[in-house]
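Hello,

Here is the structure I promised to hand over. My notes follow below it.

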Amino acid sequence: MENEELFNQVAGFAKEAYKYDGDITPDTTFDELGKESMKMIALTSMIENELDAEVTVSEIMNMTTFGELVERVAEEAEE
């Protein structure tokens, strides 16, 4: 899967999980989205179910930007 396609797919999941209407870029921070655990759980579930990539909520809590999440999902998808 191309990185841009992966980014757009994960960004779509985030918009749905966080009920976020703004643009999401690789530099968008999780503070901007809101670091709410229930929304992170929804996001990780979508990633796992749709992309078969496991990323934990605790991993996301340690990330600063959305780009870091997409890189992590790409690593998981390669395995």
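**Core and surroundings**

Valine 10 is buried, with a relative accessible area of 0%. Buried here means under 20% relative accessible area, exposed means over 50%, and partly exposed is in between (1.4 Å probe, protein chains only). Before going on, two notes on the source. This is a predicted model, in which local features need pLDDT of at least 70 and side-chain atom pairs count only at pLDDT 80 or more, while totals for chains, interfaces and linings use all residues. Residues are numbered from 1 along each chain as its sequence is written, and side-chain values use heavy atoms, with hydrogens and water left out.

Back to valine 10. It sits in helix H1. Helices (H or I, at least four residues) and strands (E, at least two) are DSSP runs, numbered from the N terminus. Leaving out residues up to four places away in sequence, valine 10 touches Leu43, Ile47, Leu51, Phe66, Leu69, Val70 and Val73. Contact means heavy atoms within 4.5 Å. Asparagine 62 is 52 residues from valine 10 along the chain, and their C-alpha atoms are separated by 18 Å.

The largest nonpolar core has 25 residues, and Val10, Phe30, Leu43, Ile47, Phe66, Leu69 and Val73 have the most contacts inside it. At least two residues of this core come from each of helix H1 (3-18), helix H2 (30-33), helix H3 (37-51) and helix H5 (66-78). H1 gives the largest share, 8 residues. A nonpolar core is a set of buried Ala, Val, Leu, Ile, Met, Phe, Trp, Tyr and Cys residues joined through side-chain atoms within 4.5 Å. In soluble globular proteins, nonpolar side chains tend to be buried together.

Leucine 43 is another of the residues with the most contacts in the core. Its partners, neighbours within four places in sequence aside, are Val10, Phe13, Ala14, Ala17, Tyr18, Phe30, Ile60 and Leu69.

**The chain as a whole**

The chain has 5 helices and 0 strands. In sequence order the pattern is α-α-α-α-α. The radius of gyration is 11 Å, close to the 12 Å that the globule rule gives for 79 residues, so the chain is as compact as a globular protein of that length. That radius is taken over C-alpha atoms, and the rule is 2.2 Å times the number of residues to the power 0.38. The C-alpha trace spans about 30 × 20 × 20 Å along its principal axes.

Of the 79 residues, 41% are buried. Among contacts with a separation of 6 or more, 54% join residues 24 or more positions apart.

What does the surface look like in numbers? The chain exposes about 4800 Å², and carbon and sulfur atoms supply 42% of it. Areas come from the Shrake-Rupley method with a 1.4 Å probe; for residues, only the protein chains shown count as cover.

Charges next. The chain has 5 positive and 21 negative charges, and their mean positions are 9 Å apart. Lys and Arg count as positive, Asp and Glu as negative; His and the chain ends are not counted. Each charge is placed at NZ of Lys, CZ of Arg, CG of Asp or CD of Glu.

**Loops**

Lysine 19 is not a glycine, yet has a positive phi of about 55 degrees. Lysine 19 lies in the loop between H1 and H2. It is exposed, at 69% relative accessibility.

Aspartate 52 is also not a glycine, and its phi is positive, near 55 degrees. The loop between H3 and helix H4 (57-61) holds aspartate 52. At 67% relative accessibility, aspartate 52 is exposed.

Glycine 22 is in the loop between H1 and H2. Its relative accessible area is 25%, which counts as partly exposed.

Glutamate 16 is in helix H1. It is exposed, at 52% relative accessibility. Lysine 39 is 23 residues from glutamate 16 along the chain, and their C-alpha atoms are separated by 9.2 Å.

Serine 58 is in helix H4. Its relative accessibility is 46%, partly exposed. The C-alpha atoms of serine 58 and methionine 38, 20 residues apart along the chain, are 12 Å from each other.

Best wishes
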